[in-house]
Amino acid sequence: MIFQNKRIINGILLMALVVSLCSCGKKEEQIPFSTDKWKEGFTDRYLMLEDLESNYDLIGMNDKKVEELLGVFSLKYDPDGDPNNNNYYWGYTIRYDDYEGYEVLLLQFKEDTVINVDKEYLSYL
């Protein structure tokens, strides 16, 4: 009787281990990009990012088109502090991670046109 109970318990523990190992590397299911959902907030933005990157060429897009597509930016950064040369960055918050900080989609503009797109982690916004 004791031997049979140990086999059942070992079987349950083995199944729990297999389930937990299989779920560890599981990638969250991506969802199609939606301008309306993106503009609502950053709750699901990370799930739309893959579709956004695949189906929208942000490089070469002007600031007006970017704002139509993604809405108002979370942050604006002008590295050289010269407002006359139109070299600046717009950041869109993708999500917050307790360890990494804010994941941000960072768009670099020159003359009001996107010249580079990157993702960065920032400790604060």
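**Notebook: the rings around Tyr88**

I began at Tyr88 and found the charged end of Lys76 sitting over its ring, 4.4 Å from the ring centre. I note at the outset that this is a predicted model, and that the protein averages a pLDDT of 83, with 78% of the residues scoring at least 70.

Next I turned to the aromatic pairs, of which the structure holds eight. I looked up two that involve Tyr88. With Trp90, Tyr88 forms a pair that I record as tilted, the centres being 6.2 Å apart and the planes at 40 degrees to each other; the angle is neither under 30 nor over 60 degrees, so neither stacked nor edge-to-face applies. I checked the accessibility of both partners, and Tyr88 and Trp90 are each buried.

With Phe109, Tyr88 forms a stacked pair, at 4.9 Å centre to centre and 15 degrees between the planes. I then asked where the two residues lie, and found Tyr88 in strand S2 (residues 87-97) and Phe109 in strand S3 (residues 101-110), so this pair ties together parts that are 21 residues apart in sequence. Here too I looked up the accessibility, and both Tyr88 and Phe109 are buried.

Finally I looked at how these rings group, and I record one aromatic cluster formed by Phe73, Tyr88, Trp90 and Phe109.

How values were computed. Residues are numbered from 1 along each chain as its sequence is written. This is a predicted model: local features need pLDDT of at least 70, side-chain atom pairs count only at pLDDT 80 or more; totals for chains, interfaces and linings use all residues. Side-chain values use heavy atoms; hydrogens and water are left out. pLDDT is the predictor's confidence in each residue, from 0 to 100. Rings of Phe, Tyr and Trp (its six-membered ring) pair if their centres lie within 6.5 Å; planes under 30 degrees apart count as stacked, over 60 as edge-to-face and the rest as tilted. Buried means under 20% relative accessible area, exposed over 50%, partly exposed in between (1.4 Å probe, protein chains only). Helices (H or I, at least four residues) and strands (E, at least two) are DSSP runs, numbered from the N terminus. A charge sits over a ring if NZ of Lys or CZ of Arg is within 6 Å of the ring centre and within 35 degrees of the ring normal.
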